[in-house]
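Okay, thanks everyone, let's get going.

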Amino acid sequence: MKEWKAYTDSIEETHALGKKIGENVSENMVILLSGDLGAGKTTLTQGIAKGLGIRRNVTSPTFTILKVYRGRMPLYHIDAYRLEGVTQDLGFDELLEDEGLTVIEWSQFIPGIIPDEYLSVAIHLMDEDRRELVFEAHGADYEALLEEIA
């Protein structure tokens with residue numbers, strides 16, 4: 001497992017880091033985002049979407065649970081915050097096998113669908129604008145991704 005830390009001091013810097021991720025991901029990748037409410041998970045996802053060439057406004061899927069955006073590959077944006085304790089099959093595992101990128105916020109609430117290989121990003125709010133992003137690559141493809149964005 002490879003780890004890397006990055007720091008951003010504005011929404012624009014978080015978007016730029018996300019854009020770099022989006023430009024370097026490949027099909028079937030999974031990114032898990034964790035952090036407190038307001039830490040910047042959706043902000044990072046907005047940047048990832050820009051890197052994928054998505055022009056639509058990306059918003060948090062908290063109430064819809066899943067939003068799909070089209071760019072050079074589909075972006076499946078899942079917010080599992082409201083899924084704690086849900087045991088029924090929601091079909092998310094099928095998305096992980098599709099030719100898109102899956103970004104999951106609050107993945108700890110749906111541990112049964114997380115693949116063996118993924119990139120996790122823990123976002124810590126340091127103060128009003130400063131964030132620490134801790135990246136952990138689980139698998140060779142994700143280690144290569146970290147090398148591209150670091």
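**What covers helix α4**

So, start with the cover: the buried residues of α4 are covered by parts that include β1, α1 (11-24), β2 (30-34), β6 (118-125) and β7. Before I go on, this is a predicted model, where local features need pLDDT of at least 70, side-chain atom pairs count only at pLDDT 80 or more, and totals for chains, interfaces and linings use all residues. Residues are numbered from 1 along each chain as its sequence is written, and side-chain values use heavy atoms, with hydrogens and water left out.

A few terms, quickly. Helices (H or I, at least four residues) and strands (E, at least two) are DSSP runs, numbered from the N terminus. Buried is under 20% relative accessible area, exposed is over 50%, and partly exposed is in between, with a 1.4 Å probe and protein chains only. Contact, or touching, means heavy atoms within 4.5 Å.

Back to α4, residues 140-149: its buried residues are Y142, L145, L146 and I149. They sit on the same side of α4, because their arc around the axis is only 100°, taking directions from the helix axis to the C-beta atoms. And what's on the face turned away from that buried side? There you find the exposed residues A140 and E147.

Zooming out, the chain has 4 helices and 7 strands, and from the N terminus the order is β-α-β-α-β-β-α-β-β-β-α. Of its 150 residues, 50% count as buried. Of the contacts with a separation of 6 or more, 62% are between residues 24 or more positions apart.

Next, aromatics: how many pairs does a search of the whole structure find? It's 2. For a pair, ring centres of Phe, Tyr and Trp (its six-membered ring) lie within 6.5 Å; planes under 30 degrees apart are stacked, over 60 edge-to-face, and the rest tilted. W4 and F135 have ring centres 5.0 Å apart and planes at 35°, so that pair is tilted. W4 is in strand β1 (residues 2-8) and F135 in strand β7 (residues 131-138), so the pair ties together parts 131 residues apart in sequence. W4 is partly exposed at 23%, while F135 is buried at 0%. There's also a stacked pair, W106 and F109, at 6.3 Å centre to centre with 15° between the planes, and both of those residues are buried.

Now the helix pair. α1 and α2 (residues 41-51) pack at about 45°, with axes 6 Å apart. The axes are lines fitted to C-alpha atoms, for helices over the stretch in contact, with angles from 0 to 180 degrees between N-to-C directions. That makes α1 oblique to α2; under 35 degrees would be roughly parallel, over 145 roughly antiparallel, 65 to 115 roughly perpendicular, and the rest is oblique.

Last stop: where does R130 lie? In the loop between β6 and β7, and R130 is partly exposed at 30%. Not counting residues up to four places away, R130 touches Y7, T8, D9, H124 and L125.
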